[in-house]
Each structure stands twice: as C-alpha cells, then as structure tokens.
Amino acid sequence: MTTKPYVKPYVREVPRTTWYLARRRDRIHMAQELTSLFIGIYALLLLCALRAVADGPEAYQVFVASLGSPLMRGLLWITLAVTLFHTVSWFQVTPKAMPVQIGEDFLPAAIIVGGHYAVWIVLSLFILFLAGVLHG
Amino acid sequence: MAYKTIELEILRYRPEEDETPWFQLFRVPCEEDWVVLDAVNYVKDHLDSSLSYRWSCHMAVCGSCGMMIDGEPRLSCKTFVRDLPDRRIRIEPLANFPIERDLVVVLDDFMEKLQRVKPYIIRQEERAIEEGEHLQTPPQLAKFRQYTLCINCCCCYSACPQYALIPEFIGPAALALAHRYNLDSRDQGREDREDVVASNVGIWDCAFADACSQVCPKHVDPAGAIQQMKISSTLHWYLDHLGLGRKKR
Amino acid sequence: MARSNKPLVWSLFAAGGTLAAFVLPVLVLLMLMAGYGHPPTGMSYETLRAFAANWLAKLILFGVIGLCLWHAAHRLRTALHGLGLRADKAVAVMGYGIAAVGTLLTLYYLARI
C-alpha cells in the first residue's frame, strides 16, 4: 500500500443544484433527462383518453373537447417538441449501446442511426394511415 | 521573437501555507507549435520553480498531465496553445479529485477502484503449458481492442457528473477496463467481476451523460462500454432470477 | 458488494424509451390534430372503441402507456437526483408508485372495453 505524503488535501465543492448549468454538454444532458417528464405526462394523457373511450361516447367527446383549450394545445405543442428531441437523442446514442461487429470492423454508427430513422418514418406513416390521416 | 504571449491563470495551493487555493497569473511567450504543457514547463523553468504538476511522456500515452484547461479536463501535452481562443488560459487541477498541491491531485480513489474490478485475465479452467498459448483471431481482438487504449489519465472522472455527485461511483475508466476483460476471449472472469460491476456503485450509478467519452483523449468510449455492460448485466439478472443463470464459482 | 436490482426498472426504462422514440411523436401529433378540431376519421369514438376491443390493440396500448410511465419514473428519479434532490428512496417509491397505479388503471380500463 502506498504511503500518503499529502498534508492537507483540498476538496472542491460541487454545486448540487446548479452544476449542469456550467457546461453546454451538461445542460443538454439534463434537458434529455427531463424529456421523461413530458413522456410521463403524455402517458397519463393517453390513460385519460383510454378512460374516456372506456366510459362511453359522451365521455370521449368531453375529452376531445378538452384537448382544444389553449392550455392543452400549448402542452401538446411542447410535448411534440420534447418527444422529437427524445427521438433524435435516443437514436443518436443507440450505436454506442449496441455495436455491430462484422469481422474486424464495426458497422458505422450512421447506418445504425439511419436505419432507426427509416423505421421511425415508416412506422409513423403507417400509424397516420391507420388513423385515416393519409388518404390511400 | 515569440509567436504569441499568453497569460496562464494557474490555480495554486500549498497545503503548508494556504487555507484555500488561489490563482496566480504568469505571462508566457509561446512558440507556434507549443502545447499547454510547454507553457507550464516555461513557468516552472523561468518564472516560478515552486509550481508542482505531473507530466512525463509529452506525447499523450502516459496519462500523467491531465488538468483542467479553460474548464475542460484535457491532456496538457495534447492541447495546442494556438487552438485556444483567448490570450488568457485558465489552468486548474483535474476536477472531482482532492488537490494535493498546485496541479497535483490525489488519485488514491481511482487507483483503488481500478484494482476492485479485477483488471486481469481470470480463468475458470487453467490452460496446461503443453497446450500452448491462447490463440486469438483478429476479430476476437477487435472486439475489445478499443477498451485497451485507456491511459488512466482520469479526464473521464473529471468530466463525469455522477462521479462529482457520488464519490463512491466506480467510474468510467475502471468500468471500461472491466468491459475490456469481459470481452476478451481469453477471459472467463465475468461472474467474478459482476459483484462490483453490477453493484449500485458500478454501472448502475451511470446516468449516460456521455461526458466521459466526449473528453477521452484516446477515444476509448467508456460510456459505450458501460451501456453495453448494462444490457448484458440486465440479461444475466433476468436469467439468474428465472433460475437459468450460470452458477457462481 | 451486493448486485443491484436496478436491472428490473432499467429494462423497463430502456424498453419504454425505445418505444417512446418510435411512436410518441406521431401519437402526440394525432392528439394535437384532435385538439384543433380536426380529429382524423380513425379517431372517432366508434373506431377507437372497436380498435381497443381487439386483444392485440389492448396489448399495444398496455405496452405504450405502461412502458412510458416506467420510463418516466426511472429517468425522473435520476434527473431529480442530479437536480439536487438527495432523497433517492422517497423519490423512487413515489415515482414507481405512480407508474404502478397507472399500469393498474390501464389494465382496468382496457378490461372494460
């Protein structure tokens, strides 16, 4: 075991509530973490929609009407932006977590990310089609 | 005639004299091809020989000269003066470590954590001498080679927000090293490392901020290593809890 | 050192995050359209009710709502710790508790369709 020659080590304090404001990459990381707040809120909104469908046609009309309030519209616009941010940042890091090795080389990250975007677009178009938005 | 005269704002701390660290300003005439380490060496050689700091190879392979340069953990031998925007450069010891003296930090915590992940080939069945050496194909080497490149410079620990907030966290470099051995085809020690790696202060303290990989001067990508271990540890956790896991030795 | 049990919630977080990345933007867009008085034809009460009666649709709805709730609970736990809230156990119990209640409610409403 090494001996300790140091006399009086000085420990620098980390500001517990504001450390992420100092550097751009830490701000971005905290923003990514907080996308989960809106994902959670939207999941609860979906739950409300599900309850409305389960309760009957009147309840469903009330729910749809409530989506038209300025507050709800604003919340949904913010949620749209946040979920898009989540999608972009989630796809970006997928190659790190699941590298694909072929022989001695690795599949370029761009291909893995590109593949995710392709699936995302196709799936989104399919859901829009199911919802009757895209007229076949 | 010097290329540029810069000002180095260096954090000093002499435990026998100082209660708290303080900044000292030095004016250094630099050449165009100088790195920050050259400027710091100039200070020690010509301006203040009491300045203490670690350095050795001056070519980014020994990992000794890590320091905060304008708030970013970097190797001072790999940071060119001409690439820094301002005439004044702020130099501090690596963040998230106690300061021993001036730019020298106490790395005992890192050294201990490095040992804790058992960073060596572990065999369950020893190979007899007569069988010859372990053979490894180029693809098998490629699988873990990136994680062998770590030079233990601790820049990743200085960037990691979790290590800043949770000093018990094993940390990026030590975990990447565990991954290096887990991926090595000669190694059979994954289970032996799992108690440390899959503990609450191992991979599960990582929040995937990716700061470590962004600052790593050797492009080891410890963040990627940790996320890969999260996936494999999760699979093993489910298998173990379903009674399908391998027996621990 | 004891091995953590975080893999359980982390796997829900990872699955939820992946699912959210793929389907949430378009779902939010659909809800926005409804909010502006242009609900798509496929979002009428009758169509949705018929859709949700299908067992596969119930599985999908359960997956989307449930996994997103657990994703949010786990990630917010980490985020709040990073924001300075040290009471990790309390935050975990509250967050996972809400996710659990939401999961049960999802099952309950799906059963009524």
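The axes of helix 3 of chain A and helix 4 of chain A cross at roughly 140 degrees and come within 8 Å of each other. Axes here are lines fitted to C-alpha atoms, for helices over the stretch in contact, and angles run from 0 to 180 degrees between N-to-C directions. Helices and strands are DSSP runs (H or I of at least four residues for helices, E of at least two for strands), numbered from the N terminus. Helix 3 of chain A and helix 4 of chain A are therefore oblique to each other; angles under 35 degrees count as roughly parallel, over 145 as roughly antiparallel, 65 to 115 as roughly perpendicular and the rest as oblique. The crossing of helix 3 of chain A with helix 4 of chain A is right-handed. A crossing is termed right-handed if the near helix is turned clockwise from the far one by less than a right angle, and left-handed if anticlockwise.

The model is predicted: local features need pLDDT of at least 70, side-chain atom pairs count only at pLDDT 80 or more, and totals for chains, interfaces and linings use all residues. Residues are numbered from 1 along each chain as its sequence is written, while chains are lettered from A and ligands numbered from 1 in the order in which they are written.

On the side of helix 3 of chain A, the residues that meet helix 4 of chain A are A:T87, A:F91, A:Q92, A:T94 and A:P95. Their counterparts in helix 4 of chain A are A:A109, A:I112, A:V113, A:H116, A:Y117 and A:W120. Two residues are in contact if their C-beta atoms, placed from the backbone, lie within 7 Å. This contact of helix 3 with helix 4 of chain A comprises seven nonpolar, four polar and no charged residues. In this scheme Ala, Val, Leu, Ile, Met, Phe, Trp, Tyr, Cys and Pro count as nonpolar, Asp, Glu, Lys and Arg as charged, and the others, Gly among them, as polar.

Helix 3 of chain A also packs against helix 1 (residues 6–35) of chain C, at an angle of about 155 degrees and with the axes 9 Å apart. That angle makes helix 3 of chain A roughly antiparallel to helix 1 of chain C. The crossing of helix 3 of chain A with helix 1 of chain C is left-handed. Among the residues in this contact are A:W77, A:T87, A:W90 and A:F91 of helix 3 of chain A, together with C:L24, C:P25 and C:L32 of helix 1 of chain C. By class, the contact of these two helices has 15 nonpolar, six polar and one charged residue.

Domain bounds come from an automatic or database domain assignment. For chain A the assignment gives domain 1 (17–82) and domain 2 (101–136), and the C-alpha centres of these domains of chain A lie 24 Å apart.

Chain B contains nine helices and seven strands, and its C-alpha atoms fill a box of roughly 70 × 40 × 30 Å along the principal axes. Of the 249 residues in chain B, 43% are buried; a residue is buried if 20 or more other C-beta atoms lie within 10 Å of its own, exposed if 12 or fewer, and partly exposed in between, with C-beta atoms placed from the backbone. Among contacts in chain B with a separation of 6 or more, 66% join residues 24 or more positions apart.

The assignment for chain B gives domain 1 (4–105) and domain 2 (108–241), with 30 Å between their C-alpha centres. Their contact takes 14 residues from domain 1 of chain B and twelve residues from domain 2 of chain B. On the side of domain 1, strand 3 (66–69) and strand 4 (72–75) of chain B give two or more residues, and strand 4 of chain B gives the most, with four residues.

B:E194 is located in helix 7 (residues 190–197) of chain B. B:E194 counts as buried because it has 22 C-beta neighbours inside 10 Å. Leaving aside residues up to four places away in sequence, B:E194 touches B:S233 and C:R3. B:E194 and B:V117 are 77 residues apart in sequence, with a C-alpha to C-alpha distance of 8.6 Å.
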